[in-house]
Each structure stands twice: as structure tokens, then as C-alpha cells.
Amino acid sequence: MYALKRLKAPGFKRLGFKRLGRNRLGLKRLGLTALAAAALPLSPASATDYPLSIDHALGTAVLKQAPERIATVAWANHEVPLALGVVPVGFAAANFGDENGSGLLPWVEARLQALDAPAPTLYDEGDGIDFEAVAASRPDVILAGYSGLSQSDYDTLSQIAPVVGYREGPWATSWRDMIRLNSAGMGMAKEGDALIAELEAQIRETAARYPVLDGKTAMFVTHLDPNHLGRIAFYSDNDARVQFFHDLGLASPQVVLDNAAEGQFSGSISAELIDELNDVDILVTYGGESLLDELKANPLTSRLPAVANGAVVMLDDSPLGTAANPTPMSIAWVLDEYARLLADAARKAE
């Protein structure tokens with residue numbers, strides 16, 4: 001069991017990643033700048049008044065004192081403490097984009113190395129939350145700001161420790177709110193705000209290099225199989241992937257705005273209404289070049305301007321495809337490459 005680890009730094013400089021070469025498998029390897037070299041100073045967190053109450057959609061987390069053992073469940077919540085220099089006692093193993101079978105995504109692996117910390121307990125969430133493993137970690141708080149926790153999940157976890165849940169709906173938490181909620185649950189809200197500001201600055205700098213994205217419409221389709229084309233499913237404006245589009249200057253087409261229920265992270269339309277996608281400049285989906293060829297050959301999908309123009313970004317289950325769903329540490333890793341791919345598609349749409 002790896003207990004909470006905090007590292008001090010002489011000051012808050014620039015948070016971010018820089019790329020270093022490739023290994024023989026083609027994985028981009030990460031070097032870290034000041035964020036990885038040293039964690040943020042902890043004095044502001046020490047000033048937090050306790051007891052501390054954090055309201056969320058599933059209840060209220062009440063912390064009687066500063067947590068010393070932090071666990072996280074669900075996707076990427078562990079990246080908030082890691083980015084702030086705290087190693088959780090346990091978090092969910094990666095089940096998508098993990099190319100070496102370690103249960104860790106490359107930016108998480110690099111961060112642990114920079115903190116000189118071995119991987120802590122990894123929870124297997126293939127069949128849902130592993131409540132026994134979480135309990136065995138003996139956490140003081142459980143962070144789940146970005147998650148799909150049910151009320152039953154929350155009630156069970158709350159018997160182990162206070163739980164910080166999502167603010168509005170399942171899987172509808174932005175990366176900013178993930179940082180705000182989880183850093184607050186650590187008693188490090190000020191450090192969380194500083195991390196958000198740094199990431200926003202990096203995104204602005206990147207977006208400025210790709211003005212072709214500004215005002216273009218983009219749609220992230222979750223399922224587009226031309227051989228079984230009954231409905232077209234997509235992520236809504238409540239999903240972090242689509243919010244990442246907006247951060248980079250892209251807009252949602254009307255079909256996305258009109259066909260997703262309030263608070264839901266996804267929506268769908270009948271394939272019979274495929275012409276409603278005619279104002280989509282860029283399509284992003286999971287798949288490879290073979291899928292794009294099938295879309296171009298299909299008499300229905302080939303009519304879509306984005307498909308006809310080749311303005312389609314295909315993502316696979318590599319770390320790049322994983323990082324398109326932005327998280328506190330994946331943003332810096334994916335930013336340049338993802339923006340370039342989107343810009344290439346945007347130029348084809350002109």
C-alpha cells in the first residue's frame with residue numbers, strides 16, 4: 001500500500017508536459033517541466049478551514065480534517081492529486097488506451113516516475129466499482145468528480161469514507177470541474193484553480209496557432225457503422241470531448257444542440273435523418289482508415305459533406321484516442337497533435 005505522498009516546491013512555475021522522442025513501439029514518451037519536477041507548495045491547502053462540506057449531485061461530502069489518504073474511483077480522477085503532487089493510495093486501472101498492460105496511461109506512468117513513486121493499488125473496475133479494494137485502501141476521502149456513480153454506488157462508498165461526486169450528471173463533468181471538485185476534496189482548491197489557469201493558457205496558445213478551427217462545426221460520433229446504420233449516436237455539449245472542441249474554437253452543429261437531453265452526455269438520431277448532419281464540417285469518431293473507406297463507399301454516409309471532403313478524424317484505442325477525452329494530465333500530452341489533426345480536417349472542409 002502506498003501512502004499519501006506530498007512534495008514541496010520552491011514556487012509555482014509552469015505546469016505542463018513536453019515530448020521526448022519515441023520508443024520502438026511508437027509511443028510518445030513524456031518528459032515533465034516544473035509540474036513533474038516538483039509539486040505545488042502546500043501552505044494554501046493547510047489554511048483550509050475544517051470541517052469542510054462539498055455539495056454535489058449525490059449528496060454532501062463532509063471532511064472533518066485534512067485528508068491524508070486519498071483514493072479515487074472511475075476515469076481519470078487520480079490525475080488531479082497526481083498533478084498536484086499527491087500520490088493516491090488507490091485508483092482505477094486504465095481499461096482503454098493502455099498499450100503496455102500496466103494499467104497506467106503514459107502520462108500517469110511518467111508522472112509517477114517524476115514523483116519517484118511506484119504505482120499504488122489499481123482497482124479493477126471492469127465490472128463496476130471494486131468496493132472491497134477501495135475499503136482495503138483505508139482512504140480518508142474518495143474522489144469521483146468525473147464518474148457515472150449511481151446513488152447506490154455513492155451510498156456504499158460513503159460507508160468507507162466521504163465521497164466527492166459529480167456536480168450535475170453522470171459523465172457530464174468538464175475537466176475544469178473535475179479539477180475544482182477533486183482539489184476541493186483534497187483541501188487544495190487554490191492549487192486546483194492554478195492548475196486550471198495554466199492548462200487554459202496552454203490551450204489558448206495552441207488554438208491561436210490553428211485559426212482555421214475558429215467557427216468550424218465538429219461532431220464527435222460515438223458509433224457510425226455503415227453496415228448497421230440504424231441510429232447515429234454522438235457526444236453532446238455536456239461531454240468533455242465536445243467541450244474540448246469548444247476550447248479549441250470549434251462549435252457544435254445544430255443537430256447536436258437539438259438532439260441531446262438536458263444533462264446527458266450523449267444523444268442520437270435516426271439514420272433516416274442523416275441529412276441533418278450536412279452542416280457538420282468535421283466528423284470525429286473511433287475507428288481506422290478501413291472505416292473511413294466504408295463511409296465513403298456507403299450510399300447514405302457518402303452524402304455527408306464531411307465524409308465526401310475527407311474531413312474526418314479517426315481515433316483508435318491508442319493513448320491519443322484516449323486523450324481526446326481531456327483530463328487534467330492528458331491535455332498537455334495530446335494538445336498539439338490533436339489540434340493538428342482537427343486543423344487538417346478543417347482545411348478539407350473549406
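Where does D116 lie? I looked this up before anything else. D116 lies in the loop between α4 and β7 (121–123).

**Basis of the entries.** I am working with a predicted model, in which local features need pLDDT of at least 70, side-chain atom pairs count only at pLDDT 80 or more, and totals for chains, interfaces and linings use all residues. Residues are numbered from 1 along each chain as its sequence is written, and side-chain values use heavy atoms, with hydrogens and water left out.

**Chain overview.** I noted 14 helices and 14 strands in the chain. Helices (H or I, at least four residues) and strands (E, at least two) are DSSP runs, numbered from the N terminus. Of the 350 residues, 54% count as buried; buried means under 20% relative accessible area, exposed over 50%, and partly exposed in between (1.4 Å probe, protein chains only). I recorded an accessible surface of about 14,500 Å² for the chain, with 48% belonging to carbon and sulfur atoms. Such areas come from the Shrake-Rupley method with a 1.4 Å probe, and for residues only the protein chains shown count as cover. Among contacts (heavy atoms within 4.5 Å) between residues at least 6 apart in sequence, 70% join residues at least 24 apart.

**Backbone entries.** I returned to D116, which is not a glycine and yet has a positive phi of about 55°. D116 counts as exposed because its relative accessibility is 62%. In helix α4 (residues 106–114), I found P106, W107, V108, A110, R111 and L112 buried. A74, also not a glycine, has a positive phi of about 70°. I located A74 in the loop between β5 (70–72) and α3 (79–83); A74 counts as buried because its relative accessibility is 7%. I also checked the peptide bond that joins Y50 and P51: it is cis, with omega about 5°. P51 sits in the loop between α2 (43–46) and β3.

**H56.** I placed H56 in strand β3 (residues 52–56). With a relative accessible area of 10%, H56 is buried. Leaving aside residues up to four places away in sequence, I listed A61, Y154, V163, V164, G165 and Y166 as touching H56.

**Nonpolar cores.** Which residues have the most contacts inside the largest nonpolar core? They are L213, F220, F245, I282, V284, Y338 and L342, in a core of 67 residues. Helix α14 (residues 330–348) gives the most to this core, with ten residues. A nonpolar core is here a set of buried Ala, Val, Leu, Ile, Met, Phe, Trp, Tyr and Cys residues joined through side-chain atoms within 4.5 Å. For V284, again without residues up to four places away in sequence, I noted M219, F220, V221, F245, V313, L315, Y338 and L342 as touching. A second, separate core has 20 residues, including L224, F234, L304 and V312.

**Helices α8 and α14.** I found that the axes of α8 (residues 189–208) and α14 come within 10 Å and cross at roughly 10°. Therefore α8 is roughly parallel to α14, a class that takes angles under 35 degrees, with over 145 roughly antiparallel, 65 to 115 roughly perpendicular and the rest oblique. The axes are lines fitted to C-alpha atoms, for helices over the stretch in contact, and angles run from 0 to 180 degrees between N-to-C directions. From α8, L199, Q202, I203 and T206 meet I331, A332, L335, D336 and A339 of α14.
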